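Have the viewer ready and follow along.

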Amino acid sequence: MMPSSGETDELAQPLVSELELAVDRGREALKACQDADGHWLFELEADATIPAEYILLRHYRAEPDDLELERKIAVYLRRIQGAHGGWPLFEGGALDISASVKAYFALKMIGDTPDMPHMQRARAAILVHGGAARSNVFTRILLALYQAVPWRAVPVMPVEIMLLPRWFPFHLSKISYWARTVIVPLLILQALKPIAKNPRGVGIEELFVVPPDRVRHWPKGPHQKAPYAQIFAGIDRALRLVEPLFPRRPRERALAKAEAFILERLNGEDGLGAIYPAMANAVMAFDVLGYKADDPALGIARHAIDKLLIVTENEAYCQPCVSPVWDTALACHALLEADGGEGAALAHQGLAWLKPRQILDVKGDWAVQRPALRPGGWAFQFANDHYPDLDDTAVVVMAMDRAQNASNHRDFADAIARGREWVEGLQSRNGGWSAFDADNDYEYLNHIPFSDHGALLDPPTADVTGRCLSMLGQLGETEASSQSVRQALAYLWLDQRKDGSWYGRWGVNYVYGTWSVLCGLNAVGLDAQTPQIRKAVDWLIAIQNPDGGWGEDCSSYRLDYAGYQPAASSASQTAWAVLGLMAAGEGQHTAVARGVQWLLDRQTDNGFWKEDHYTGTGFPRVFYLRYHGYAKFFPLWAVARYRNLQKGNSARVLHGM
């Protein structure tokens, strides 16, 4: 029988010698991955969508053939094809119609013929699921550029949106950063409607149940409900009638404003928004605006995309973005936990690399909501000055503070102060924190036809709020001393689910969210017997797998979620659960010991852990991520913390994470 909360079982405690060996091996393995300049960067893998879009971008522009690269991407796409014949959004997931259409189109573009067995299986699976006409809006835009569907398959988004005042119900400042950077170049494409060059003349007519010209009802998002869905559908129909009548001069002004938006945020070789969809759209927008092939802006924008490629001996794929700041900050935390000697020295090198990447002189889009606030955040990527994020900033600040306290120096004091100021200044009015903006919670906008993905906004979430709370607590704030802490706690109490868990927006899912919040509650000094903490602890213990690990599937984001469903244990999710329980004062609990033993038993010969699961989230229900670094630093962190608590004089975790 599972011990009740707080119960221990001495026989279940892993040996300290075994823990020490695992920590040493994990530290040495992580050390070997550190770049000479101090940073870490691990692969960031999504689904078939991005590598397929990369192929289609090259053919849209009729770029010179790179047959070897195409061959390697084809090998990758064939390997990740699901047993159901289509392509999923994550390892072992159900067929996703949009990913499957793009992957099939890309493979056919590369040269795979429809009569090949894997293509036959893919086509049959796509047709069973309604055909390519059931694809999402972004896929239908791509197909419209290739003249595979008519433009009426795409919701109307007039470029004149660029001229709307802030008080208008739809305004760029009311949607998320990623939506902004993706949509603005799309507005140019939708206004000018270019046609793909498609030099090989490839089409996908065979993927439609009925000819696209005969389709009258294009799909909407499953989250889109009455009355908003009907209201916005009516607006879309009206816009479709009147858009051809829009006067020329306002359109020209709007196109110029969209172009200026892109140029201001082009972000050098790190690309617009530093995310693939925005970067690819920017290249196509420059093309249709008449930029010459040797124009520096176009050249830089296109080169930024190739920097996302991962090319190995046999395979290749395109990443959605890169994660050096996130990887480096988390690796530093793991090494600081591992030991105060070489691990701390390696972490200090990483933090020294991070320090000059703090954004101190650019007021990004977040300043629309907080114009008086000074910049002070870090971005996720090498550079993304207009779009630093609160999650990365809180994690970097905590690592710097911990390193500083451990070594008795003040190298990072100014960076910590500015980071804290920026994070506190972007707390939303409901007490929570979003990833990139404050008060980005105009929920009605997720019902416009264009938002069939349901990810147009960046509202406050429990996981980011827990992280910012962790930062404030590590820097000495408590419920008694800080209004920000009190507001955050009020938000979290309202956001906790009845089963005791919290939602994880940026990691899969309730295990991630619950870990994030428990760390924050501990950091601000809440008693471990607080009822909300006890409920969360009981939930984590109740969902532990019989093998001792924890797992949660990406399907937990489904709209009809009614509670946890068992899933195979994974290294990162097991580490999160163990870290969360230790933050809640359960370092001696049998569940923690069993979780740590699961990690010890599965450490590989190279010092890391194997993880094929997708445990990162881009957009719930739409886009998931496999962080190749997660199975490298999170398990090390959990095992090292467990060892430290066993050896220490206090059962309380003393750090924000």
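Start with Arg200 and Asp65, whose side chains meet in a salt bridge at 3.1 Å, N to O (a side-chain nitrogen of Lys or Arg within 4 Å of a carboxyl oxygen of Asp or Glu). The two residues are 135 apart and link distant parts of the chain: Arg200 sits in the loop between H7 and H8, and Asp65 in the loop between helix H2 (49–60) and helix H3 (67–79). Helices here are DSSP runs (H or I, at least four residues), numbered from the N terminus. Arg200 is partly exposed at 31% relative accessibility, while Asp65 is exposed at 53% (buried is under 20% relative accessible area, exposed over 50%, partly exposed in between, with a 1.4 Å probe and protein chains only).

A word on what you are viewing: this is a predicted model, in which local features need pLDDT of at least 70 and side-chain atom pairs count only at pLDDT 80 or more, while totals for chains, interfaces and linings use all residues. Residues are numbered from 1 along each chain as its sequence is written, and side-chain values use heavy atoms, leaving out hydrogens and water.

Next, look at Glu20 and Lys647, which form a salt bridge at 3.0 Å, N to O. Glu20 belongs to helix H1 (residues 16–32) and Lys647 to helix H22 (residues 630–647), so this pair ties together parts 627 residues apart in sequence.

Arg302 and Asp306 also pair at 3.0 Å, N to O, but both lie in helix H11 (residues 296–306), 4 residues apart, about one turn of the helix. Arg302 is buried at 10%, whereas Asp306 is partly exposed at 31%.
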